[in-house]
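Please examine the sequence and the structure before reading each worked solution.

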Amino acid sequence: RSPWPGPDGDGDVITLEALAGVTGTSQFHFAKRFKSATGNSPYGYVVGQRMIRAMQLLRTGRWTVAGVATAVGYRDTRQFRRQFVAHWGQTPGRLDP
């Protein structure tokens with residue numbers, strides 16, 4: 001059971017167990033079908049969506065890196081920075097609006 005904060009950072013969590021339950025399948029089969037349909041694992045998809053939203057917010061020039069990290073569901077700014085660099089190949093602070 002691995003919880004992922006929701007994409008709105010509102011405290012709701014998304015779990016593989018909950019997603020599988022909605023579809024009436026096991027976690028294993030849900031993850032397998034999800035990856036087949038999207039090319040990403042459920043977790044990878046959630047991270048990708050967070051990173052897209054983070055980039056959108058940072059490009060406005062109105063958000064701090066810490067504010068964006070919180071808004072997209074990260075409690076730890078350092079973890080957000082690491083994930084951002086892994087996804088985009090640059091630090092969030094180097095973006096020009």
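**Exercise 1.** Determine which residues of helix 3 meet which residues of helix 5.

*Solution.* Step 1: a contact means heavy atoms within 4.5 Å, and helices (H or I, at least four residues) and strands (E, at least two) are DSSP runs numbered from the N terminus. Step 2: on the side of helix 3, the residues are Tyr-43, Val-47, Gly-48, Met-51, Ile-52, Ala-54, Met-55 and Leu-58. Step 3: their partners in helix 5 are Phe-80, Gln-83, Phe-84, His-87 and Trp-88. Step 4: sorted by class, this contact has 10 nonpolar, three polar and no charged residues; Ala, Val, Leu, Ile, Met, Phe, Trp, Tyr, Cys and Pro count as nonpolar, Asp, Glu, Lys and Arg as charged, and the others, Gly among them, as polar.

The model is predicted, so local features need pLDDT of at least 70 and side-chain atom pairs count only at pLDDT 80 or more, whereas totals for chains, interfaces and linings use all residues. Residues are numbered from 1 along each chain as its sequence is written, and side-chain values use heavy atoms, with hydrogens and water left out.

**Exercise 2.** State at what angle helix 3 and helix 5 pack.

*Solution.* Step 1: axes are lines fitted to C-alpha atoms, for helices over the stretch in contact, and angles run from 0 to 180 degrees between N-to-C directions. Step 2: for helix 3 (residues 42–59) and helix 5 (residues 77–88), the angle is about 95°, and the axes are 10 Å apart. Step 3: helix 3 is therefore roughly perpendicular to helix 5, a term for angles of 65 to 115 degrees.

**Exercise 3.** Identify which residues of helix 5 are buried and which are exposed on the other side.

*Solution.* Step 1: buried means under 20% relative accessible area and exposed over 50% (1.4 Å probe, protein chains only). Step 2: Phe-80, Gln-83 and Phe-84 are buried in helix 5. Step 3: these residues lie on the same side of helix 5 because they cover an arc of only 105° around the axis, taken from the directions from the helix axis to the C-beta atoms. Step 4: Arg-78 and Ala-86 are exposed on the other side of helix 5. Step 5: the cover over the buried residues includes helix 3 and helix 4 (65–71).

**Exercise 4.** Describe the surroundings of Ala-69.

*Solution.* Step 1: Ala-69 is placed in helix 4. Step 2: Ala-69 is buried, with a relative accessible area of 0%. Step 3: leaving out residues up to four places away in sequence, Ala-69 touches Tyr-74, Thr-77 and Phe-80.

Note on methods. Parallel < 35°, antiparallel > 145°, perpendicular 65-115°, else oblique.
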